[in-house]
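Please look at the sequence and the structure shown below before reading on. The report then goes through a few parts of them step by step.

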Amino acid sequence: MVFSSLFFVFFFLAVVFLAYFTRKNINQKNIVLIAASLVFYAWGEPVWVMLLVFSAAMNWFFALLIGANRGKPKAKLFTGIAVCIDLLFLVIFKYTGFIVENHNMLFHANVPVPNIIMPIGISFFTFQAISYVIDCYWETVKPQKSFKKFLLYLSLFPQLVAGPIVRYSVIEKEIDDRTVTAEDINEGIKRAILGVSKKVIVANSLYAIVDQFFGTDISNLSFFGTWYTVIVYSLYVYFDFSGYSDIAIGLGRMFGFHFDENFNYPFICKNVSEFWQRWHISLSSFFRDYLFYMPIFGQPRKYLNLFLVWFCTGLWHGASWNFIFWGLYFGIFIFIETLIGKKRMKKWNKVLTHIYSKLVIVIGFGIFCFTDLGQLGYFFLNISGISMLTNGNEFWDIVTWNSFLNNLFLIIFAIIVSMPVLQKVKYFFNNWGNNTVYFVGNMASTVICCGLLLLSGILLVDNTNNPFLYFRF
Amino acid sequence: MAENRQVRKKKFNQLKRANVVKFSSYISIMIFFVFYVIAVLFLLVIPRSTESQIEKRSLAQFPAFTVTGYFAGDFTSGVATYYDDTVPFRDDLKTVGYNFKSVFGIHTEEEVKIVGKPIKVVNGGSETSKPSEASKPSQTSKPSENSAAETSKPDETSEVTETSKMGEAEYTEENGIIVVKHNGHYRALELFGGGTGNAYVAALNNFHKDLGDSVKIYSMTAPLASEYYTPSNYSGYTLNQKECFDEIASRFDDGIVYVDIDTVLGQHTNEEIYLRTDHHWTPLGAYYAAETFAKAAGVPFKDLSTFEKKDIEGFVGTMYAFTQDANINNDPETFTYYVPDNYDKCVTEYFDTSFNSTGTGNFFNIVGDPQHNAYLTFMGGDEQIIKVNTNVKNGRKLMIVKDSYGNAVPGYLFNSFEEIYVVDMRYCNVNLVNMIKDNGVTDLVFAMVAYSEVGPNAENLEVLRTQ
């Protein structure tokens, strides 16, 4: 089931709200959420819902063993086993085809490439499970004795299939004891509607542009067309993924869970390191905490670990070389920025740092976009202008220009909303000393959100198949 | 009153912020609740749509439950699709959405909107995407402007080997759609990417071999509207269709008549010869084509003034769904068709695709909502074979092998042939050679649009000949 569908927004959620908010007991509320989460997952994966339940059972069980053997070598062993099983599932379902293809290519072999369909969201719930097991080993959280409550953590439908990767410590207390205030529900609804609107109104419209120009062979695309489309693509990915995170955070808050932010206006960054502190925060913090600080390579480990982290970051996004290149590409820039040092970079001209960071990010999204390495090659030839010399591609073409004009307001709107403008508006209304201003601001945002939901619903009528980008991870 | 309001406002501002937050949150939740319940009830209670006039399709059905279907995910996805696809007032809501999207940007004076990703095919772009000089038909094989209806026998010296490679792998038959504002009205144009037409040429030559000279074969290909109405700054994105047709005709065997309607239609571009909101030509465009064909076939042909003119107002065709452009929907047109004066004396018999009779009926039918289905007026569509017995007694029997462009043609020929058979190349399960021989057909015309001639549709012709 996808969030951006009428069935989810106006049927599934209605049933869940009705069942959840008519329960008074926290235990019953948790059962409603577990049932809803399993139905939600089974709707798209009627078979692999068992994998989710098995993963939950296995990690819950090993976490109990780790807790029972606290401080003993066995705890390390159990942690290792659990993490290995988690990773094994991930490798089997996500990377087997990729491994076999590369094996065949490297050794000129002809091993049949298995057609394994990846269960949706496996990358997210596997990483959540790993973080939980390691946190239990590190004793930063206590193992959850109730399987039911652990299953709730791992399967909670707002964040199940497309993140953010929620740490157990974040919602540990709220599983047992949570109070939902009127403000929580109000803010949660608005956040979720904002997420749906970002996805349906903005991301889907931007994707139509991307699909028009990057959806087919790009070898003849002009220099301007390539730059235009990759910039639009960067905005699209942001609105698609951050929209999903907004929905997850908003729904979570309505049910009394307070998830951490996953995006913090990444395009206002001044360097690549800062970008990754603002983009998909739950993933970068996962790799930071569970991989970067691990003494895998001994001393000196800092730079080797850095590249390992970025290799894994790329690979996590998909079983394709372009994702690995994408990760390592960012790794190289972060490595260079580390060598230069934060203090020295702060002295740089702000305009230049913004130009530098946006160039790196936008070209990075080009690498992210093309799983076909041949098309990726054309992308670099086009964006560098080389194809104008070698293939006679145009500098500018009227088709791209027309698309640019036809979508100018949309693009400007997307750029403005990707900056902390709404945050500042909200801050103004909330912190103005006058209650009337606050009240008017709140009512205005309520009416605007109703309008956005109505508009999203209308636009969803034309989308029978509208999956989120991050579903494939 | 004003004083009381000031007092209330002052008191409100003196309340603790926490209470105001709580109070305003409750009001917001109430507003959301009412709004959401209305939306949910709208989707649950109002009768669901069953078909879309815009998309010209039946909407999803509620799936039947099977255990295997459930575990394959088909049942659950089918339920979600049913719910999303059959929204009440679906077409109206879609129109609201398209209108909203039309404010996403600014529009030039010509108000051009592009759908798809047209690639340059002539006058620019990479050299590889240009048709080579060798691929252009020689002047000698090009019919003159004045001999449009005449046989344009290709010059024996034309470079068949070279020309047969025209555009191979470089062209696609379709090349995106542009919406332009022309003479104050919006018009959607399918751009033409060209193609080899190899399958078409081979099929027609094979029909000629099988049928011999006893059956006269004609090729009458309708150009897309983009041939005439593409703004000059987009002309590089649509191939010259006349050159393409001429080149393909140059490879026909002796005896196959090339009916050049491209030139004829080009002389009437200031008239409504193409629908603006649909991918077809108008019945008027088909009239000029039929007239050209009648001249080539040497049969009598009635002037348009003898036909009864009928109008369907407010027509919006397929281009609205293809382009999703609100301007197309907001600028409907009049669909005018013409009924021949001997219509009452003609009998139209309908057959299934295996040529089993299903009874007689009207040739001109109003199907469903005429404002969306006006082009179905001719025979109600494509998925059948038609035979028309006219009151003409000249021994000439015509078979029209066509795509939907050809649907508008037969009515003009009711005064020209004794019998007219209409076969859609996509929906026929009988061997056409046998059918032609068994029924004594004397004239065989292939009447289709440009992208059927150069695209996959043409491959069906060989199937019709050999099945």
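In chain B the pLDDT averages 83, with 86% of the residues scoring at least 70. Within chain B, confidence is lowest in helix α6 (residues 160-163), where the mean is 31, and highest in helix α11 (residues 283-297), where it is 96. Over residues 123-173 of chain B the pLDDT is below 50, although this stretch has 99 contacts in the model beyond near neighbours in sequence. Where pLDDT is low, the predicted coordinates should not be read in detail.

In chain A, helix α5 covers residues 122-138 and can be checked by its length: at 1.5 Å a residue, its 17 residues should span 24 Å, and because its end C-alpha atoms are 24 Å apart, the two values agree. Of these 17 residues, 15 are buried, so α5(A) is largely enclosed by the rest of the structure. Just after α5(A) comes Glu139(A), which takes a positive phi of about 65°.

Another helix of chain A, α9 (residues 182-214), contains Arg191(A). Is Arg191(A) buried or exposed? Arg191(A) counts as buried because it has 21 C-beta neighbours inside 10 Å, and the cut-off for this is 20 or more. Leaving aside residues up to four places away in sequence, Arg191(A) touches Asp246(A), Ile249(A), Gly250(A) and Arg253(A). One of these, Ile249(A), is 58 residues from Arg191(A) in sequence, yet their C-alpha atoms are 7.2 Å apart in space.

Chain B holds an open sheet of 8 strands with mixed pairing, in the order β7-β6-β15-β13-β14-β12-β10-β11. Its edge strands, each of which pairs on one side only, are β7 (256-258) and β11 (357-361) of chain B. On average, neighbouring strands of this sheet are turned by 20° against each other, direction ignored. Inside the sheet, β12 (residues 385-389) and β14 (residues 419-424) of chain B pair in the antiparallel sense over 4 bridges, and Asn389(B) stands opposite Glu419(B) in β14(B).

| Helix | Strands it lies across | Angle to β6(B) |
|---|---|---|
| α7(B), residues 198-211 | β6, β7 and β15 of chain B | about 160° |
| α11(B) | β6, β7 and β15 of chain B | about 160° |

Key: Residues numbered from 1 in each chain as written. Chains lettered and ligands numbered in written order. Predicted model: local features only at pLDDT ≥ 70, side-chain atom pairs only at ≥ 80, totals over all residues. Helix = DSSP H or I, 4+ residues; strand = E, 2+ residues; numbered from the N terminus. Buried ≥ 20, exposed ≤ 12 C-beta atoms within 10 Å, placed from the backbone. Contact = placed C-beta atoms within 7 Å. pLDDT = per-residue confidence, 0-100. Expected span 1.5 Å × (residues − 1). Pairing = 2+ DSSP bridges. Axes fitted to C-alpha atoms, helices over the stretch in contact; angles between N-to-C directions.
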